[in-house]
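Trainee: I have a new model on my screen and I'd like to go through it with you. Can we take it piece by piece?

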Amino acid sequence: MNFIKRAWYSLLHRKKNTLLTMLMFFVLGTLVLSGLCIQNASQQSVQQIQQDVGAEIVISNAVSETGPYGINGLTLSTVQIASGLTGITSVEYSSLIEAVPDDFEVIWSEEQKERYGGFSSILVAGEGNTVAAEAFAEGTSALSAGRHITKTDKSAALIHATLAEHNGLDIGDTITIRSPLVEDVVEVKIVGIFTTEDVADFDTKPPYQQPENKVYISINDCFILLGGEMVYQGVLMLENPTKADEYVERIEGFFKPIEEDAVCFIRDTEYRSLAGPLSSVQGAAAVMVIAVLILGAVILVLVTILSMHVREFEMGILLSMGERKWKIILQLFIELLVPILLAVTLSILPVQALLPSLGSAVGLREAAYMQADQVTSLYGVSVLLAAVSTVISAGKVLRCQPKKIMTAVK
């Protein structure tokens, strides 16, 4: 009788062991295959989020606020050079200046009035598109009435709701802002009113640093107040967010010689907030797959070693009859491999049925589905586990002579 027939008869004769092995690997196969599918789906979801949300490269400058242009240390022309790189889809730039309100009052405390001798100022942010401004993009500020400033606007402004209420201002009204650097004023029309999550701190901060005293105006009007086209920061949108690190290196390569104090970094707050939970799911799925595989390997080896204890006499008889050792090993291998592969095959059915619900339960953006390479990997690991377990369990038989095995069993 050849070793294949012996393996088949052994499987039928040891029905309990065969069914136990199948049940164990049905459960393990279901867990491993589910983990692989969830891991793959979460990875694809993270990549899709990166494409949908994108990433921004921010170019800013570390010039001291005591400089002639305050914290605006970049020239507009320098930022526009960076925006000409292939793969940059758009550029937004902004300026900041501490300016003087000409026909409206700031919000401040009586203590501040005494401390600053009655002089008050506001923080003016010049934006080409306030939708892309950092506070609005990250959600700490929100428009409560009116509209945002766009690139086509001239002499437009957004003011805080509290500042508007304090001065009796509304959408359509005009306010005047005076420059502290040059003898110029700008008149801007209120097109929107906003609110912010930032909290005022009148004890330690001057009036212009209070969130209520911040005013957004058109970028060209801010240039007038600054006396030149000076930029606080430029924000570059990437066509391919996965290459953000490469773009940072390229931009720094030609930026540093021109603006040695310039800093360049990736701003992907929205991406990280959305992708973070999915990355955790991906990591948890990977840990589960590894843990289940290790557990399966340990259990399989232990079960096989225990079963070999009662089969040593059988192996001794086969060896004494002249059976080759490699055939005995192949027999043991087949006896393990057949129920394992059957169990893994059966585990595909529940995984395929449960994946959509499982994907929704862990918050995946992309539908979780089974791929051929995942099933192939599971089959490959199963064969490997069966082979390793067979070699370990057959070690005792391979090391001993038939006479010694049969004598030891008796």
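Predicted model: local features only at pLDDT ≥ 70, side-chain atom pairs only at ≥ 80, totals over all residues.

Trainee: What percentage of the residues is buried?

Mentor: Buried means under 20% relative accessible area, exposed over 50%, and partly exposed in between (1.4 Å probe, protein chains only). The protein has 410 residues, and the buried share of them is 46%.

Trainee: Is I107 buried or exposed?

Mentor: I107 sits in the loop between β3 (88–101) and α4 (110–115). Leaving out residues up to four places away in sequence, I107 touches T162, L163, H166, F202, E212 and N213, where contact means heavy atoms within 4.5 Å. Its relative accessible area is 14%, so I107 counts as buried.

Trainee: Which residues of α7 are buried?

Mentor: Helix α7 covers residues 219–226, and six of its eight residues are buried, so the helix is largely enclosed by the rest of the structure. Just after α7 comes G227, with a positive phi of about 80°. The buried ones in α7 are I219, D221, C222, F223, L225 and L226.

Trainee: What phi does S155 have?

Mentor: S155 is in the loop between β5 (141–146) and β6 (156–160). With 28% relative accessibility, S155 is partly exposed. Although S155 is not a glycine, its phi is positive, at about 55°.

Trainee: Which residues form the nonpolar patch on the surface?

Mentor: Patches are made of residues with over 30% relative accessible area and no salt bridge: like charges are joined within 9 Å, nonpolar side chains (Val, Leu, Ile, Met, Phe, Trp, Tyr) within 5 Å. A salt bridge is a side-chain nitrogen of Lys or Arg within 4 Å of a carboxyl oxygen of Asp or Glu. Helix α2 (residues 15–53) gives the largest share, three residues, while M288, in helix α9 (residues 269–309), is partly exposed at 32%. Together the patch has about 320 Å² of accessible area, and its members are L23, V27, L31 and M288.

Trainee: Which residues form the negative surface patch?

Mentor: Asp and Glu count as negative, Lys and Arg as positive, with His and the chain ends not counted. E252 is one of the members; E252 lies in helix α8 (residues 244–258) and is partly exposed, at a relative accessible area of 30%. For joining charges, the place is taken as NZ of Lys, CZ of Arg, CG of Asp or CD of Glu. The patch is made of D245, E246, E249 and E252.

Trainee: What separates the C-alpha atoms of L349 and T30?

Mentor: L349 is in helix α11 (residues 325–361) and is exposed, with a relative accessible area of 57%. Along the chain, L349 and T30 are 319 residues apart. Between their C-alpha atoms the separation is 8.9 Å.

Key: Residues numbered from 1 in each chain as written. Heavy atoms only, no water. Areas by Shrake-Rupley, 256 points an atom, 1.4 Å probe, with all protein chains shown as cover. Helix = DSSP H or I, 4+ residues; strand = E, 2+ residues; numbered from the N terminus.
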